[in-house]
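User: I would like to learn how to read strand pairing, helix packing and salt bridges in a model like this one. Could you take me through them step by step?

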Amino acid sequence: MKKKGPLYALFLSLILLLPGCSSIAVLNPKGPSARTLSDTIILSIIVMLGVLAVVYILYIFVLVKYRAKKSNEGYIPKHEEGNVVLEAIWIIIPIIIVAFLSVVTVKTTNEVENVAADYKDQTPLVIYASSSNWKWHFSYPEEGIETVNYVNMPVHRAVEFRMYSFGTITSLWIPQLAGQKYAMSDMLTTLHLSADTEGSYIGKNANFSGKGFAHMEFEALVLSNKGYEDWVKEVKETAPKLTEEEFKGLLATDYLGRKTYSSTHLEFSPPPGDHGEHMSGGGKEMDMDNGNQEHQDNKEIHPSPEPSSGTEFDSKPDPEVDQPLPSSPVDESTHEGH
Amino acid sequence: MDLDKFKVHGEPLIYGAMISIALATIGILVGLTYFKKWGYLWREWLTTVDHKKIGIMYILAALLMLFRGGVDAMMMRLQTAAPEMKFLDAQHYNEVFTTHGLIMILFMAMPFIIGLMNVIIPLQIGARDVAFPRLNAVSFWLFFMGAMLLNISFVIGGSPDAGWSAYFPLASLEFSPTVGNNYYSLALQISGIGTLITGVNFIVTILKMRAPGMTLMKMPMFTWSVLITNVIIVFAFPVLTVALAMMMFDRLFGSQFFTMANGGMDMLWANLFWVWGHPEVYIVILPAFGIYSEIIATFSKKNLYGYTSMVFSMLIISLLSFLVWAHHFYTMGQGAMVNSFFSITTMAIAVPTGVKIFNWLFTLRKGRITFTTPMLYTLAFIPIFTIGGVTGVMLAMASADYQYHNTMFLVAHFHYVLIPGAVFAVIAGFHYWFPKVFGFRLNERLGKHAFWWIIISFNVTFFPMFFLGLMGMTRRLYTYSKESGFGPLNMLSFVGAVGLAIGFVILVYNIYWSTRYMPRDTTNDPWDGRTLEWATHSPIPLYNFAIVPKVETRDALWSAKQENIPLYTDTKYTKIHMPSNTGKPFILGVVFFFLGFFLVFSMWIPAIVAGIGILVVLAFMSFDKDQGYYIPVEEVIATEKKLMRGETV
């Protein structure tokens with residue numbers, strides 16, 4: 001985006017003009033992916049304000065000038081068939097605008113679907129994010145650790161989320177770091193992001209997933225490289241291992257607080273195949289090797305929501321939880337670390 | 001059989017609703033008996049095949065549903081007005097937003113438009129009825145019974161709660177074990193069949209029954225919009241039929257089309273749903289464009305600017321509407337290529353829509369604009385809908401949509417499109433054509449009061465949602481924390497919702513007040529109209545036109561008034577053939593209702609009985625030898641004399 005100096009200045013001035021923008025998460029990005037999207041959004045707002053201005057000016061002009069008044073009483077407007085030149089103008093100009101926005105869309109969509117330009121030379125840190133009921137499991141295969149309902153990552157590092165679900169379709173969204181993407185049960189989706197600033201950011205499920213949907217938020221904490229390494233080390237030394245039995249217990253629970261483990265569930269419950277395989281394989285790749293079948297098998301242990309319990313989520317602490325539940329998921333995470 | 005399934009968990013709100021439904025039902029039954037109106041109701045309404053009466057019933061049902069959906073909306077806005085509200089629990093909130101969406105789109109906007117279509121289209125094309133009058137009654141009763149089936153879900157068994165788009169696997173038996181989504185599949189199926197029949201009926205009506213001289217390119221714009229809409233219905237609704245049937249099989253018979261295991265594909269549902277669902281948006285918007293075109297021409301006293309490009313823009317919109325469905329799941333990980341394709345087709349819709357906006361503005365130019373109530377709604381539509389349109393372009397950009405998807409920004413956008421695009425249009429059309437049907441106008445002063453309440457409150461309600469979306473508030477969120485900062489704007493939105501409610505109450509009060517006090521119109525043409533519907537009497541006689549008009553120009557009546565081109569070249573009255581009333585469509589609808597109800601609760605034996613009942617009624621209908629009847633010449637002359645009210649022939 002640096003090449004577009006003048007445009008960028010225009011965006012910035014607009015940001016300054018819009019009051020209270022710092023509370024607008026989407027327009028207050030903290031990483032290259034979210035920044036690309038924020039720039040795209042602001043660019044489209046500017047173009048669209050232009051369109052609105054043309055329509056509004058014409059509209060006000062017409063309404064003021066041609067309203068029925070005493071002075072034009074008895075005036076019978078002439079028959080007017082239309083005008084090829086005028087109509088061509090309001091076909092061609094919108095086509096040009098749409099073409100311009102299409103180019104921007106294709107370019108930025110490609111950008112955010114890949115590792116950000118500044119981080120191209122890094123091997124991304126892979127984090128599997130899976131959802132079950134109304135909680136998120138984050139597995140770090142490289143580090144061999146797993147967290148529930150919070151995710152820590154190092155600053156200035158390409159991160160690749162690989163998402164899937166143990167149930168309904170959910171959507172992983174950290175507005176200040178990247179746009180959202182669905183997590184589904186039968187395929188893996190990928191989200192690339194990286195953070196430029198340390199801090200604590202809100203992450204959430206953006207796709208309606210039933211009763212506990214509103215409580216499906218998590219904290220995305222961006223640490224310094226040193227801080228991240230220390231955290232990983234600490235987890236490995238102090239956190240318990242995640243056994244298959246314990247994991248089944250986690251899946252069966254509706255709501256959970258934070259949890260930390262020194263091994264991942266990927267070892268005994270592999271993720272489904274990725275999107276490409278799923279679409280092209282015709283079922284061929286869906287064998288034991290890539291874990292797809294095993295993933296399917298694991299669904300059997302996935303519980304159905306209890307139909308009979310009409311109780312409120314807050315009033316029923318789960319026996320599985322070893323840390324107290326926050327009264328609201330947001331309480332535990334300050335919006336911004338600074 | 002498990003009686004527990006009928007019970008809805010105890011909540012004061014639901015008990016209140018149960019009691020009020022019961023009281024209203026008893027009140028209606030007692031009232032009908034006391035005033036001895038059963039016979040009247042049966043003869044004049046339940047068995048009618050008259051397109052005008054069917055249209056009125058559609059509109060009445062739609063108004064009722066507008067209030068049901070409106071109460072849902074109020075409950076939602078109240079629940080989210082402040083952080084940590086305790087008004088509704090999650091389950092109840094989920095049911096409320098699901099039924100709000102379903103009712104407003106399928107049981108309010110669409111029937112309201114089909115109602116206006118029913119009343120006006122035969123008049124605008126100079127016909128005496130629709131092509132298949134009895135089938136038209138079948139359409140209505142299927143829609144009505146579908147709507148009733150969905151409405152009783154609230155008190156019997158529980159409403160659908162997986163969103164109006166009912167994504168799988170959330171809507172599957174595994175994650176939604178209550179009967180709510182059974183209601184979804186069956187109520188939509190029954191009313192959807194009715195809509196599909198309407199589609200066929202109106203295509204044939206418009207293509208085959210136009211007055212002599214009315215070529216396709218001389219049709220009024222509303223007729224054009226309805227023709228295109230019904231073509232979309234015929235192409236899109238079979239997809240819904242199939243998708244709902246698969247959903248029903250999944251939920252009732254354990255098939256696994258959309259499950260997580262055994263080869264089911266959850267995204268198949270999303271694809272099928274939106275292949276129908278996106279064209280559905282244009283099914284409610286295109287007729288609105290037609291209504292606005294009529295009103296703008298009438299009240300600026302000008303013919304519609306760029307008629308040909310208006311028609312072609314609608315055709316292009318209808319084609320594109322089938323090529324954009326995947327923009328509803330850009331975030332499914334379908335890759336940059338696929339997303340780019342759907343981005344471009346989606347944005348392309350802005351071009352023909354823009355053509356229409358500018359043509360309307362140029363219709364106004366050099367006109368003489370009078371600000372009647374229908375015209376006010378039309379004029380308010382232009383700037384508000386343009387906001388909806390430009391935000392639509394913003395959403396169409398796949399990359400940016402990763403940030404808007406499933407947020408309040410989207411909610412704001414589609415309300416900015418659908419409320420001015422469909423709701424304002426039906427209100428405008430309602431005010432505009434009301435005197436044609438009932439013979440008197442609605443009060444202008446009350447109409448304008450309601451207008452300003454509705455317009456201002458609409459913006460107060462929905463504009464803040466754009467910002468809420470960008471702040472990260474997702475849709476369908478029943479509660480949020482104070483720290484999220486969503487509170488103040490949601491409160492503002494709630495205040496707007498209250499204003500909207502006041503506006504709609506004034507609108508209904510206006511109907512009551514005008515019925516009692518407004519002077520009766522004797523001119524048949526209160527607005528100085530341009531098209532054929534104003535050429536017949538108000539109220540409209542059973543046979544619409546005593547003599548079939550001849551059409552030479554696009555605005556046939558306007559030409560008759562301005563250039564003295566005669567509309568009626570025949571002067572001799574003849575006997576008129578009319579279809580006879582029949583109770584079979586109503587009975588068919590009732591049997592369908594019971595079939596739906598029994599299937600919802602998996603009561604197999606009664607369901608089979610009802611299924612056989614449907615076949616029996618259909619058999620009776622197909623062997624019906626009733627060829628209709630003739631209205632004798634004397635009766636036509638007598639009616640005409642009475643309706644002329646002393647005017648010269």
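User: Which residue stands opposite L172(A) in β7(A)?

Analyst: This is a predicted model, and in it the residue opposite L172(A) is K181(A) in β7(A).

User: How many residues of strand β7 (residues 178-183) of chain A are buried?

Analyst: A residue counts as buried when its relative accessible area is under 20%. Six of the six residues of β7(A) are buried, so the strand is largely enclosed by the rest of the structure.

User: What is the strand order in the open sheet of six strands in chain A?

Analyst: In a regular strand the side chains alternate between the two faces of the sheet. Here the order is β8-β5-β1-β2-β3-β11 with mixed pairing, and β8 (189-193) and β11 (259-261) are the edge strands, each pairing on one side only. Strand β3 (residues 145-148) of chain A pairs with β11(A) in the antiparallel sense over three bridges, where T147(A) has T260(A) as its bridge partner. Helix α4 (residues 225-238) of chain A packs on this sheet, touching β1, β2, β3 and β11 of chain A, with its direction at about 95° to that of β3(A).

User: At what angle do the axes of helix α12 (residues 373-396) and helix α15 (residues 444-470) of chain B cross?

Analyst: Angles under 35 degrees count as roughly parallel. The axes of α12(B) and α15(B) come within 10 Å and cross at roughly 10°, and the two helices are therefore roughly parallel to each other. The residues of their contact divide into twelve nonpolar, four polar and two charged.

User: Where do E217(A) and K204(A) lie, and what does their salt bridge tie together?

Analyst: The closest N and O atoms of E217(A) and K204(A) are 4.0 Å apart.

User: How far apart are the closest N and O atoms in the salt bridge of K448(B) with E444(B)?

Analyst: They are 3.9 Å apart, and K448(B) and E444(B), being four residues apart in helix α15 of chain B, are separated by about one helical turn. K448(B) is partly exposed at 30%, as is E444(B) at 24%.

Key:
Residues numbered from 1 in each chain as written. Chains lettered and ligands numbered in written order. Predicted model: local features only at pLDDT ≥ 70, side-chain atom pairs only at ≥ 80, totals over all residues. Heavy atoms only, no water. Buried < 20%, exposed > 50% of the residue type's maximum accessible area, 1.4 Å probe, protein only. Pairing = 2+ DSSP bridges. Axes fitted to C-alpha atoms, helices over the stretch in contact; angles between N-to-C directions. Parallel < 35°, antiparallel > 145°, perpendicular 65-115°, else oblique. Nonpolar A, V, L, I, M, F, W, Y, C, P; charged D, E, K, R; others polar. Contact = heavy atoms within 4.5 Å. Salt bridge = Lys/Arg side-chain N within 4 Å of Asp/Glu carboxyl O.
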